[in-house]
Each structure stands twice: as structure tokens, then as C-alpha cells.
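Here are my notes for your read-through. Have the sequence and the model open side by side, and go point by point.

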Amino acid sequence: MRIERLKKDLDFHDNDNIDLSLIDTLIAKYNGKKGNLIPILQGTQQTFGYLPKQAFIKISEETGLKLSEMYGVATFYAQFRLKPVGKHIIKVCHGTACHVQNANAITEAIQESLGILDGETTEDNLFTLESVACLGCCSLAPAMMIGDDTYAKLTGKEAVNIIQNIKSKESN
Amino acid sequence: MEKTTVIVGLGSCGIAAGANKTYQKIQSLLKSNQLDFELKKTSCIGMCFREPLVEIIDKNGSYIYGNVDENRAIEIIEKHIIKQEPIKEYVVKTDLFDTEDNKFFEAQVRIALRHCGLIDPESIEDYESQLGYAAIRKIATENINYEVVIQSILDSGLRGRGGGGFSTGMKWRFARNNKSDEKYIICNADEGDPGAFMDRSLLEGDPHAVLEGMIIGAYAIGATEGVIYCRAEYPLAIKRLEIAIEQGRTKGYLGKSILGIKGFNFDIHIKEGAGAFVCGEETALIASVEGERGMPRKRPPFPAESGLWRKPTNINNVETYANIPWIIYNGATEYSKYGTEKSKGTKVFALAGKINHSGLVEVPMGITIRDIIFKLGGGIPNGKKFKAVQLGGPSGGCIPEFLADTVVDYDSVNATGAIMGSGGMVVMDEATCMVDIAKFFLNFTQEESCGKCTFCRIGTKRMLEILNRITEGKGKDEDIAKLEELAVQIKDNSLCGLGQTAPNPVLTTLKYFRDEYEAHIFAKKCPAKACKALLTYEIIEDKCTGCTICAIKCPVKAITGERKKVHHIIQENCIKCGDCYSRCKFEAISLT
């Protein structure tokens, strides 16, 4: 059985305390170019880790992109999120190959160890757990990705150990 | 004599298996021992099951070592480099003596993957040294007309490797025939099929081959701008493409009057996908490049007529482009020597799932599925029985064991109800539940449906609900008939490939594994013992010694009994975690 992904959160985060000037160069780079909406959103998310409401308004005011279009695109693609995430995003692969090699056991072990469900963030804001469709490491299934690092041929225990290692490095 | 070379495979899968550590270890050995060898990087050669891989080329030839962790790296450097004694038992591939894994390569014909695992993908000189950019140079020096280029591709019989299987030459001709001041050429690198990874491997291993294919395509149709639409989940592929594009510009393969061809101006840039499976569909991909929600558009007009920014546009897949330079350089006849009557050339398959040798293989069309799985793939692990192979991802289907002698070409695979797709082959053994697999794919397409067509949006949801209840033991008598009815409606009433093919995984499993559906619905049993809700764990009284270990470890205290007396499982409390089953040393727990 595949773990159900949480429904995408369609509400903006409140209480944002962010420095909007961080995206000035990004806006300047893409302003007026056709097809710029997705790259702008990608850049904004890279800067803040998510898409803050104020950034939406600023981008709209400066580029003339419609807020409705931006929201439509942001909620269509799996990559974009409207809420902050943890420092490390754990992407557990649930592609076909990982599924038949029991990727569910990996997700379940991490859920138990971190005390969060799929799509949630730990209280210390260190980790967000996500299920993804396919990382393209099918021959080394089951796999997960944390940051740009991919871990292969996992067991639930190994996955938890990797996360614990990151955690202890963070606390030093 | 040339210097001994040590090459470490640094593709995504190699890195995941620890190749970076191996590389660093060899690098430090090179420095500290003042040894005399050259250390290079390459990408994936396809033997994912032996990663990390290290190749040593010495005066005798090439030796590829498998499973090279840091310790093994030290051992290999000491024996092979210092003492000049290759360690035969670690060698997985060489031409010098027989190895067990040589079989993995014997039936392969590597055209698209010709450089993967051999060259440094970050070096344009490496690519050039292997006849790289020789095809576009041939066009420039021999002044070959675009019409001749298109005819070669037509004659080669090359069909779209992304899954559609449409003639590449025809596509090019349509795009050429539409007059416009601007035309676009797009590379679809949004490899979304879970279970396929050949495009990632190609982009990481031989990015210049894809660029050269696009440049030739641009010349043929008269395009001025190229876009590579690549998944954001492939950071290494994107990085290597960026390097390759920059190198191509510096060397004059991209830019104005390319290789002196008058009026041939062409450049390429990358668009990162934002995560939507439907964007593998041509018109949805175009919408996404334009910055919109990736929703398919009605065809006609086809992209060849009105595509990106309403201009004539040609879209091909990564693997298709990688074949192009080889065909132009070696000729269409050479390519069409391989394959079957209607499916020419070779195809790359990604072997994964319950198979011994998982990895990438490139085989001539016409080979049987059985040969791929058993000769190249080394069969099924742990002595289990081969049950089925899933081809074509969420749009494809499951081909059962009794059809394993089906040859791989577009038409034969279609006849089984599956599709060739991009070439993902996920192998399943007797422990895989086919209803669960169908549910897995439906869950995927249901989530990825863009929502435009009612039948795809709601129909897949209803099908998923039915499959969910079947696997939970709540299946109803009429469920199979309902699934079949919905499947037909969804196929007939959806605009794009996603909806038209979404029911395929259900239809093929119903066709070949109907008895499994019936067992779930009527007997409330899962024959593969995979659907948790349908399992029953019981204690076999004759075998139970009363050791108490199961009772102590049971997370929900569903097992009762006294020491040295037979234990019992309270069924209504059991969560079917299987802990007792795997713990019992006396095989006293039965699973039905």
C-alpha cells in the first residue's frame, strides 16, 4: 500500500518575517521576459525555502504578473510550497521500483523516529518529510534524497541512522 | 607507453552507492604515494548493481572493478597499480578474460549509450575524441542539405524513444514544412515515468550527444532556439548540461553561423521543470515552458505547426536525440540493420525491481523480454519465481510470465496491452501483488491528472477508491465490472495521453491476473501475501514452544500465553505488522 501524500496546503503562511530585497536581482533578471513566471517562483522558493505571500505581492507589483496566475501555477506544480519547511527535506522515493522493494517501510520508520507524518516538519524545524514519485535511482531501490545527496538500497533502520547522524552534526 | 588511467564512475547512482568517497580515497592515495597514474571521472556504464565502479586501463587493456568501496580501492591500487597484479575476482568486465558479468554486455548494442561510462561527461575534448560533433561537422564540410538530413532520419526508421513511437523523420519534416521566421526545438527531459532512468543517465553520462542531436535537428527543421526541459529532481544532469552548453558555445557548436554554415544560428537553454508528470505530454510541456500551468492543449494544431509561442516546434526525447549524431555519421542503413521490420535500431531499458542485475541496457529491437530479464538481467533474486514485468510506467501494463517470449518492438508490446513507453522495466516476483501494483499506478495518475478532463479527473479517483476497498478486503461483487466500465470511459473521453492510458495498468492486470482480483474480492485473500488487511497470522500449536518472545515483542500486546505453553494471537487486536512472524525461531507462526 502506498502512503497517501498529504493534500497540498493551499493557504499562505502568516507571520512572515523576511527580507524581500533578497529577490530584487531575481526580479530584475526576469522582468519583462516571456515565460518568466516559473523561473521567478523557483528563484523565490530557493531564496526563502517557500513562497511567502509578501513576495507574491511584490513580484506582482513589480512585474505585472497577475496574482491569480501566480497562485494557479504555484499550486499546480509539486515543487512549490506556500509554507516554510525544515532545514533538511527528506525525499523518500515511492517510484515503482522503490514501491516493489518496500519503500513504505522507509517512510514508516522515519515517521516513527521523527514523530511526524508525511508532508510535515519537525518542531525543531530541522526536517521535513516528503514522498516523491521517482528519483531515478531505480536500480538502487529503495532510495531517499536529503539535500543533493542520494542514499540507496536502504532499510528503515539505515534511513533512521542517516537522519540521526545529520541531527547530531547539527547539534554540534 | 601511455600512462595507466584510473576512472571512477560518478553518475547519480554511483554517487548514491558511495563513489565520491572512493574517488577521494584514490585521489589521496595518488597524492600520498606519489604514484604515476592519471585519475579521471566518468558517468554510469549501466552496471548499477555493481556500483561503485572503477576502471583501470593499463598497458594490457581495460579492467572494470565492481563494488569498490574505500577499502577495496586501497587493495586494488596496492595490487594492480603498485604490484601490477590485477585482482581477478573483483573484475566485473574486461576483454582480457572471462568474467561472470561479461554476459551483461554480450547481447547489448550500444548506440545511444555509446559513450556512457567511457568518457568524462564534463570534458568536450573527451567527447570530440570519440567522434563527438563529427556528425554536425560532416554536415558542414560536405555541405549536406537539410532535406538529406531529414531523409536519413526517415530512412533509419527511428521512432520516438519517449514512448509515443512516432517517426522522428516525419516529425522533422512537418516542422520543416511549416514556414516561420522563428522555430523551436525542444528536448523533453522531464522523465517522469517512475521506474525509468535512462534519460537521467544519458544526460549525466553524455550531455554533448544530446546537444549534438538537437543541433542537427535544429539545422534540419530550421530552428533558431532550443530548450531542454529537464526535471528539477536531476540536479547532476542539469549541472552537466550547463557545463556542456557553455563548452559548446566556446567551441562554436552553438551560436552564430555554426561551423561556418551560413545563416545557421542556434542556441540552447535549460528550463527546469517544476514537478508535474503531465508535462511529459508535448502540449503540456509547451504550456509549462511558457510559464503556465502544465495543462495539455487540443491537437490539432500539432506543435509542428503551432507550438511554443505559437511557432512551429519540434519535440523529441533525450534518447531520440542521442541516436541522431550516430545515424548521421554512420548512415541510416547502418542503423536500420538492427531491429525488426517496423521498429528499427536499439532501445535502452532500465531494469529494476526484483532482478539480480539492475541497471541500464541497450539492446536491438526484437530481443525477447525473457532474454533481457534472464540473460542480461541475471534472473530473479532469492530463488523466487518470475511473475510479471511492468513496461511503460503508469501508461503501460504488466506483461505476465507466459508472454515473456514477446519480442520488444512497439507493435508486439502494444499487442499485449502494455506499451513500450520510455523503457522502464520493473520486474516482479511471486511476492508482488498485482492488485496492489494496479492501485499504485492509479494512485499516481490520479494525483498527476491535471484536472482538465472530467473523466480523467474524477474517473481515476473512482477507480482508485474501488481498488482501495478491494485491497482492504471490502471489495464488492460488481467491482471488476465497474473498473472495466470506468476504464473504457476514461480512455475514450480524455484529451491527452495521460488520461487515455491511465487505465492500462488496471486493464492489463485484469486481463492476465483476474484470479488475483477475484481472490481479493470473494475470498478476501491476497495470494501474494502483500495486502496487509487481508493477512492472518496464526500460531501453529504443534510448533509453539512457549518461549514468549512473540508476546513480549508484540507492539500491541495481541499475543497471550504463559511460559512453556502454547500462545495465541487475538485477531481483533492484531495490526499485522509481521513482527512475530519474522521473530519466531520455531516457524510456529503461519501466514495466510
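1. Let's start with a sheet: in what order do the 4 strands of the open sheet of chain A come? The order is β2-β1-β3-β4, and the pairing is mixed. Strands here are DSSP runs of E with at least two residues, helices are runs of H or I with at least four, and both are numbered from the N terminus. Two strands pair if DSSP finds at least two bridges between them. At the edges sit β2 and β4 of chain A, each of which pairs on one side only. From one strand to the next, the twist averages 20°.

2. Before going further, keep in mind that this is a predicted model, where local features need pLDDT of at least 70, side-chain atom pairs count only at pLDDT 80 or more, and totals for chains, interfaces and linings use all residues. As for the labels, residues are numbered from 1 along each chain as its sequence is written, while chains are lettered from A and ligands numbered from 1 in the order in which they are written.

3. Back to the sheet. Strands of a sheet pair through backbone hydrogen bonds, either parallel or antiparallel. For β3(A) and β4(A), the sense is antiparallel, over 3 bridges. One pair to find on screen: Ile146(A) has Asp149(A) in β4(A) as its bridge partner. Now look for helix α6 of chain A, residues 103-114, which lies across β1 (88-93), β2 and β3 of chain A. This helix runs at about 150° to β1(A); axes are lines fitted to C-alpha atoms (for helices, over the stretch in contact), and angles run from 0 to 180 degrees between N-to-C directions.

4. Next, two helices of chain B. Which way does α6(B) run relative to α10(B)? Helix α6 (134-141) of chain B packs against helix α10 (207-221) of chain B at an angle of about 30°, and the axes are 9 Å apart. So α6(B) is roughly parallel to α10(B) (under 35 degrees is roughly parallel, over 145 roughly antiparallel, 65 to 115 roughly perpendicular, and the rest oblique). On the α6(B) side, the contact is made by Ala135(B), Ile136(B) and Ile139(B), and on the α10(B) side by Glu212(B), Ile215(B), Ile216(B) and Tyr219(B). Contact means that the C-beta atoms of two residues, placed from the backbone, lie within 7 Å. By class, that makes 6 nonpolar, no polar and 1 charged residues. Nonpolar covers Ala, Val, Leu, Ile, Met, Phe, Trp, Tyr, Cys and Pro; charged covers Asp, Glu, Lys and Arg; the others, Gly among them, are polar.

5. How many residues does each chain bring to the contact between A and B? Chain A brings 35 and chain B brings 47. On the chain A side, α5(A) gives the most, with 4 residues. That side has 20 nonpolar, 11 polar and 4 charged residues.

6. Finally, some backbone spots to check. A cis peptide bond joins Ala141(A) and Pro142(A), with omega about -5°, and Pro142(A) is in the loop between β2 (127-132) and β3 (144-146) of chain A. Another joins Arg299(B) and Pro300(B), also with omega about -5°. Ser257(B) isn't glycine, yet its phi is positive, near 40°. With 12 C-beta neighbours inside 10 Å, Ser257(B) counts as exposed (12 or fewer other C-beta atoms within 10 Å is exposed, 20 or more is buried, in between is partly exposed; C-beta atoms are placed from the backbone).
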